[in-house]
Amino acid sequence: MHARFRAPSRRLLSTWILLLAGAQLADVITTGVDMAYGGVEANSFVAGLVALGGLGLVFGTKLLLVAAMAIACILLKRYAEAHPTLQSRAAHAFVWRAIQISVVGLLLVAVHNTALRAQIA
């Protein structure tokens, strides 16, 4: 077995899931502030959610997605531990890295939203 496909600990995985939830929250908050000052949501899917149910619906949807990602990670981790093949470990490592990249990407979006707010003012 290759060490680079070693599954992260439950604690580390939980930490990154919480970071993902926090990054989603930061995105929703900064989007809401921008929209309160005249900004427009550029993502058509999110704009549709805002039109249907406001930022509460967007936040709820994002939390459901974080929960789905957490469940998928737990199930994949259990599967990779029960069936330690290269493919199962690689799949788990892929999802693990996707969470980390998502956190970084969402934080960049929140920083961009904050910079946009400064331009609106």
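In which helix is the place of Gln100? In this predicted model, Gln100 has its place in helix α3, and the sections below set that residue in the context of the chain as a whole.

## Overall fold

The secondary structure of the protein chain comes to three helices and zero strands, and the order along the sequence is α-α-α. The radius of gyration is 17 Å, well over the 14 Å that the globule rule gives for 121 residues, so the chain is more spread out than a compact globule. The C-alpha trace spans about 55 × 25 × 25 Å along its principal axes.

Buried residues account for 33% of the 121 residues. Among contacts with a separation of 6 or more, 77% are between residues 24 or more positions apart. The chain exposes about 7600 Å², of which carbon and sulfur atoms supply 70%.

## Helix α3 and Gln100

Helix α3 covers residues 86-120, and its 35 residues should span 51 Å at 1.5 Å a residue, which agrees with the 50 Å that separates its end C-alpha atoms. Its buried residues include Ser88, Arg89, His92, Trp96, Ile99, Gln100 and Val103, and the buried residues of α3 pack against α1 and α2, the latter being residues 44-82.

Gln100 counts as buried because its relative accessibility is 14%, which falls under the 20% cut-off. Although Gln100 and Leu19 are 81 residues apart in sequence, their C-alpha atoms are 8.8 Å apart in space.

Just after α1, Gly38 takes a positive phi of about 100°.

Helix α1, residues 10-36, also supplies the largest share of a nonpolar patch, namely three residues. This surface patch of about 420 Å² is made by Leu25, Ile29, Val33, Tyr37 and Ile120. Ile29, which is found in helix α1, is partly exposed because its relative accessible area is 48%, a value between the 20% and 50% cut-offs.

## Salt bridges

Side chains of opposite charge can pair when their charged atoms come close. A search of the whole structure finds two salt bridges. In one of them, the side chains of Asp27 and Lys62 meet with an N to O distance of 2.7 Å. Asp27 lies in helix α1 and Lys62 in helix α2, so the pair ties together parts that are 35 residues apart in sequence. Asp27 is buried, with a relative accessible area of 10%, and Lys62 is likewise buried, with a value of 13%.

The salt bridge between Lys77 and Glu81 has its closest N and O atoms 3.0 Å apart. Both residues lie in helix α2, where they are four residues apart, about one turn of the helix. Lys77 counts as buried at 5% relative accessibility, whereas Glu81 counts as partly exposed at 38%.

Methods. Residues numbered from 1 in each chain as written. Predicted model: local features only at pLDDT ≥ 70, side-chain atom pairs only at ≥ 80, totals over all residues. Heavy atoms only, no water. Patch = residues over 30% accessible without salt bridge, like charges linked within 9 Å, V, L, I, M, F, W, Y side chains within 5 Å. Areas by Shrake-Rupley, 256 points an atom, 1.4 Å probe, with all protein chains shown as cover. Salt bridge = Lys/Arg side-chain N within 4 Å of Asp/Glu carboxyl O. Helix = DSSP H or I, 4+ residues; strand = E, 2+ residues; numbered from the N terminus. Buried < 20%, exposed > 50% of the residue type's maximum accessible area, 1.4 Å probe, protein only. Expected span 1.5 Å × (residues − 1). Contact = heavy atoms within 4.5 Å. Rg over C-alpha atoms; globule rule 2.2 N^0.38 Å.
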